[in-house]
Amino acid sequence: MKPRLSDPARRYLKQVRDIFGDELFLNFKDPDSEPLANPGELDAFHRDICECQKCPLGQTRNKFVFGVGDSNASLLLVGEAPGRDEDLKGEPFVGRAGFLLDKILKAIGRSREKDVYICNVLKCRPPENRDPLTNEVEQCEPYLLDQIRLIKPKLIVSLGRVAGQTLLRVDKPLKSMRNVIHDYHGTPLIVTYHPAALLRNENLKRPTWEDFKKIRDYLEA
């Protein structure tokens with residue numbers, strides 16, 4: 001039995017034939033030909049929001065911590081908020097935790113400059129490194145969504161319990177969020193341990209490495 005075209009499809013093809021004749025030209029989109037993100041777009045977005053005063057953290061920060069990395073990254077790493085070192089330098093994940101994160105990324109063949117972008121849910125440091133407040137997330141999370149829209153990562157990795165709970169809107173321990181591919185506004189998301197937690201507890205290094213091997217395999221599939 002020959003497949004039957006719907007009436008709208010028939011009308012469309014008749015209109016095409018009336019205009020272009022009997023030849024039908026199809027435009028198949030090659031994913032490899034997708035235009036790459038322009039680094040200037042991220043830079044312009046950074047300039048647009050770096051003086052943000054939407055919540056009280058704008059009054060207490062030293063530096064606005066936008067993010068760092070490859071604007072065409074397939075892997076986006078997200079923490080909950082800048083800490084003291086990040087607030088002073090204006091770059092996410094620096095200091096001992098950042099050094100450890102760099103080593104983990106190197107082990108899966110990536111770096112801050114190569115196929116990775118690193119940022120936080122909040123762009124300003126909460127006082128005393130406390131957890132983000134709901135109203136702070138409400139004001140700052142749209143900036144993260146815009147970063148995702150510009151970068152178009154294949155995978156988001158939430159670093160730490162607080163970041164995972166914040167992005168997924170759940171009140172669960174980190175163990176129950178691990179080993180699941182979640183959805184964050186249309187982009188797959190995995191939760192793993194924050195590198196600072198590995199500095200406090202060496203036993204977390206093995207499960208974190210298992211997570212990053214899965215992350216590597218997912219990105220290279």
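In this predicted model, the buried residues of helix α7 are Val162, Ala163, Gly164, Gln165, Thr166, Leu167 and Leu168. Helix α7 spans residues 161-168 and is mostly covered, with seven of its eight residues buried.

**Aromatic rings**
- Two aromatic pairs are found in a search of the whole structure.
- The pair of Phe45 and Phe66 is edge-to-face, because the ring planes stand at 70°, with the centres 5.8 Å apart.
- Since Phe45 belongs to helix α2 (residues 39-49) and Phe66 to the loop between α3 (57-60) and β1 (68-69), this pair ties together parts 21 residues apart in sequence.
- Phe45 and Tyr143 have ring centres 6.2 Å apart and planes at 75°, so they also form an edge-to-face pair.
- This second pair links distant parts of the chain, with Phe45 in helix α2 and Tyr143 in helix α6, 98 residues apart.
- Phe45 and Phe66 are buried, and Tyr143 is buried as well.
- Ring pairs join Phe45, Phe66 and Tyr143 into a cluster.

**Charge over a ring**
- The charged end of Lys154 sits over the ring of Tyr218, 5.7 Å from its centre.

**Whole chain**
- The secondary structure comprises ten helices and six strands.
- Of the 221 residues, 43% count as buried.

Notes. Residues are numbered from 1 along each chain as its sequence is written. This is a predicted model: local features need pLDDT of at least 70, side-chain atom pairs count only at pLDDT 80 or more; totals for chains, interfaces and linings use all residues. Side-chain values use heavy atoms; hydrogens and water are left out. Helices (H or I, at least four residues) and strands (E, at least two) are DSSP runs, numbered from the N terminus. Buried means under 20% relative accessible area, exposed over 50%, partly exposed in between (1.4 Å probe, protein chains only). Rings of Phe, Tyr and Trp (its six-membered ring) pair if their centres lie within 6.5 Å; planes under 30 degrees apart count as stacked, over 60 as edge-to-face and the rest as tilted. A charge sits over a ring if NZ of Lys or CZ of Arg is within 6 Å of the ring centre and within 35 degrees of the ring normal.
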